[in-house]
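This report covers the charged side-chain contacts of one protein model. The sequence and structure come first.

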Amino acid sequence: MTVRVVLADDQALLRKGFRMILEAEEGIEIVGEAADGSDAVRLVELYRPDVVLMDVRMPVLDGIEATRAITTSAAGNETRVLILTTFDLDEYAFSALRAGASGFLLKDVPPTELVGAIRTVARGDAVVSPRVTRRLLEEYSDKLPDLSSGGNGPSGEDAHPALAQLTEREREVLLAVADGLSNAEIAERLYVSEATVKSHVGRLLAKLGLRDRVQAVVFAFQSGLVRPT
């Protein structure tokens, strides 16, 4: 399968560098380049790419708002956004995850990791490790919206009835994902196979209306099911 990519960065030199790396790879096609977020949204509507490699800080419309526009549009079911950032603990990166991005990469990522991340996101998976997501959430926990009626009201199932749809095992898996465990580590903890864990993750994402395990971690914190320690 050919992965169709849009490059969105206001620095032409960086776009050229990414294009050179990606066009050298079999099965990856660059279908468009955008110098700002507004243009990125337009190109997504026009080409329906598999992945947008999105810079955070851009003129006209920044990467966060562009990500939100893409993931909430009709193209959102087809196009995944991979955020480019400078620092691994970046408030903008966290905001992009909340806006629907499937992960983020540092701009100095090695070419092999860049290519691998794009292929991973195109398959519908996330490329931010749960541990990194947890660090982001803990760093910016005070910026999470309070979904528990002023901090003293209901949380968990009371605040999020969708949690009641989960089986006991699916809830265990969600907690393990939020704890930063990989599928292999969850399988070891629960004494099941990795394939079983993957199935549980898929079902709980569907029940909660989430795109990937990154959003599952965010949801676990936002719902009050898990609190930063």
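The text below describes salt bridges in this predicted model.

A search of the whole structure finds 12 salt bridges.

| Salt bridge | Distance, N to O |
|---|---|
| R19 and E23 | 2.5 Å |
| R68 and E65 | 2.6 Å |
| E25 and R119 | 3.9 Å |

**Pairs inside a helix**

R19 and E23 both belong to helix α1, which covers residues 12–23. Because the two are four residues apart there, about one helical turn separates them. R19 is partly exposed, at 23% relative accessible area, and E23 is also partly exposed, with a value of 45%. The pair is part of a network of salt bridges that links R15, R19, E23 and E33.

Helix α3 (residues 63–71) holds R68 and E65, three residues apart and so separated by about one helical turn. R68 has a relative accessibility of 32% and counts as partly exposed; E65 is partly exposed at 36%.

Which parts of the chain does the salt bridge of E25 and R119 tie together? The side chains of E25 and R119 meet at 3.9 Å, N to O. E25 lies in the loop between α1 and β2 (28–34), while R119 sits in helix α5 (residues 111–122), so the contact ties together parts that are 94 residues apart in sequence. E25 is partly exposed, with a relative accessible area of 32%, and R119 counts as partly exposed at 26%.

How values were computed: Residues numbered from 1 in each chain as written. Predicted model: local features only at pLDDT ≥ 70, side-chain atom pairs only at ≥ 80, totals over all residues. Heavy atoms only, no water. Salt bridge = Lys/Arg side-chain N within 4 Å of Asp/Glu carboxyl O. Buried < 20%, exposed > 50% of the residue type's maximum accessible area, 1.4 Å probe, protein only.
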